Amino acid sequence: MTPDCSPVANPWLRRSATRATYITLLLFTSLTQAQEVTHPAEIVFRRQAVQRLIFDSDQAIPLSVCSPSKVIDLDLMHPDFAPESEQAKCDIERDTLVVTSREKRSQTIRWMGGFNPFATYETDIASVSGRGTVGFMFRDSDRDDRMIAELVFEDGSAQQIRWKTILDGNTVAEQSWSLGAFANDHAFRFRVQMVAVGANLFIESKGRTSMIGHVDFSENIEVREKRRIARYQYALISSLDTNSSVRIREIKSAITPGTGQADIRAMTDEHGHPLLDDERLWFTVTMRGRALPHPMQGVVSLNPSVFDLRFEGLIVFDSGDGLLRNELASHIFRDTKSGQWRGWTTGFSAFGNEKRGESKAILAVSSDRDPRRGYSIMKSRSIGIEGAHEDPHCVYDQEAQKWRMLLCERAGKYRAAMWESDDWDRDFRRIAGPVEMDSTGTMLQSFDGKRYALFGSADRKVYIRNYPDLSAAGELKMVLPPWTDDHGTRIWPNVIPLPSGYPAPYIALMMDRANFPGMPKPNWTYGALYLFHGNTE
């Protein structure tokens with residue numbers, strides 16, 4: 001049972017709670033006391049802005065960067081692993097790395113940085129001439145295992161992208177894709193998005209990103225293994241025929257928001273009050289990769305008075321089995337008593353490798369470190385609810401002295417159900433539901449001190465249900481909702497009450513379900529993020 005954790009009732013908290021958490025509780029307490037009671041069905045949400053993050057360079061969180069203009073000793077900073085007799089000539093001309101073949105066919109394998117199976121790798125190619133390849137090698141520093149993603153060019157024109165997986169020196173998988181319309185382009189970014197158990201391959205030309213190919217390699221090589229991650233490195237590679245060259249403006253690896261975002265959920269305290277820290281709200285958000293084994297758990301923040309989305313970080317999960325896992329659809333809270341960061345997530349990484357025979361489950365997660373910024377690892381373990389359920393959102397009900405969890409229960413289709421427990425991480429039992437309609441994006445939110453359950457649906461509606469029995473309480477009103485008549489339903493409501501002084505007393509940050517073009521089916525690569533202002537009529 002959780003004791004009263006308010007700043008007034010808990011002297012320890014008065015002394016040691018962070019300023020941000022105290023302000024959050026104070027603001028939302030004041031909001032409850034100052035306003036008249038509002039039913040969520042009385043609020044009208046009107047669309048204000050929309051944005052989709054697609055590998056935005058200003059949002060990328062750098063892991064390693066090679067900017068040629070800032071390289072003083074190339075061979076020291078970025079040594080060449082190619083045999084000395086075969087090494088291509090590498091020069092820096094102002095802001096460009098120029099790789100040129102010698103009198104015979106030559107190559108370069110320039111070390112660039114460490115390896116992260118959830119990162120994006122890209123090189124900005126200014127031009128190519130002659131015939132050859134340029135791209136990336138992801139290599140084991142202790143064994144002859146490597147993966148190669150390279151762009152193939154002939155007569156100064158890019159022709160195709162090629163992927164190879166090599167184990168113990170033997171090629172076990174190889175694929176290639178034609179560049180088609182990009183074959184005549186002379187300058188572009190070649191981008192490899194690692195997605196835990198595979199990779200997506202992109203070309204960015206004239207400001208637009210297009211997917212060229214994709215590969216899954218978990219049946220041959222498990223790059224989520226922590227010991228393998230520690231050994232792996234990545235390198236810029238180029239193999240050139242005589243009288244050929246490549247000019248490169250930049251090589252980098254970064255954590256990026258990918259091609260689409262979804263499953264937005266506010267980070268809170270244990271009572272469900274959103275954290276308003278540094279004048280910003282904080283959200284977990286799924287960074288979509290392709291299908292279900294590929295997405296990752298990202299973090300974004302937003303000043304709720306404007307629409308300044310900021311990609312803040314990536315969270316992966318460690319269940320103690322030697323793998324780092326890309327779970328998603330998380331609810332993260334800061335426990336005001338212990339100071340620990342805790343929450344729940346959905347174990348979608350179970351789909352990543354069929355050989356492991358794993359099943360999706362609701363997981364409890366925890367971390368002593370604030371996971372909102374940078375690259376974070378949270379511990380995870382099953383809470384013991386059997387079944388392939390999704391989208392847990394949980395709060396501590398001070399009055400009931402219970403943890404109450406609303407999730408999408410797999411009951412033929414996904415349907416909202418309420419569960420409760422004396423503990424945040426185990427022994428949950430169902431107390432209401434599942435409801436009759438398709439459900440997604442469950443959330444428990446307080447409106448002037450009274451809790452309601454909200455969830456999206458394939459019905460092109462956001463349903464409101466009474467707490468905790470899930471009896472009908474209406475629907476959310478939206479002007480220009482994030483869907484059309486033929487697609488885009490099943491969105492997450494993510495409604496947030498705000499203190500006075502903001503443009504609207506409520507906001508909602510939702511997503512659409514428009515898939516990124518060129519992704520093979522099945523795919524779940526949506527979407528754009530939509531800001532709504534909510535006002536009572």
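Start by selecting Phe-202, which is buried (under 20% relative accessible area with a 1.4 Å probe and protein chains only, where exposed is over 50% and partly exposed lies in between), its own relative accessible area being 0%. The model is a predicted one, in which local features need pLDDT of at least 70 and side-chain atom pairs count only at pLDDT 80 or more, while totals for chains, interfaces and linings use all residues. Residues are numbered from 1 along each chain as its sequence is written, and side-chain values use heavy atoms, with hydrogens and water left out.

Rings of Phe, Tyr and Trp (its six-membered ring) pair if their centres lie within 6.5 Å, and planes under 30 degrees apart count as stacked, over 60 as edge-to-face and the rest as tilted. Phe-55 is in the loop between strand 1 and strand 2 (61-66), whereas Phe-202 belongs to strand 12 (residues 198-205), so the pair ties together parts that are 147 residues apart in sequence. Phe-55 is buried as well, with a relative accessible area of 6%.

Seven of the eight residues of strand 12 are buried. Strand 12 pairs in the antiparallel sense with strand 11 (residues 188-194) over six bridges, where pairing requires that DSSP finds at least two bridges between two strands. Gln-193 stands opposite Asn-200 in strand 12, and in the turn of this hairpin, which has three residues between the strands, Ala-196 has a positive phi of about 70°.

On to strand 13 (residues 208-216), which pairs with strand 12 in the antiparallel sense over eight bridges. Ser-205 has Arg-208 in strand 13 as its bridge partner, and Lys-206 takes a positive phi near 55° in this hairpin, where two residues lie between the strands.

Now select strand 1 (residues 43-51), which runs parallel to strand 35 and is joined to it by three bridges; the partner of Phe-45 in strand 35 is Met-478. Both strands belong to an open, five-stranded sheet of mixed pairing, in the order 35-1-38-37-36. Its edge strands, each pairing on one side only, are strand 35 (477-479) and strand 36 (495-497).

Finish with the rings, by selecting Phe-115, Tyr-121, Phe-136, Phe-138, Phe-190, Tyr-232 and Tyr-234, which ring pairs link into a cluster.

Notes
Helices (H or I, at least four residues) and strands (E, at least two) are DSSP runs, numbered from the N terminus.
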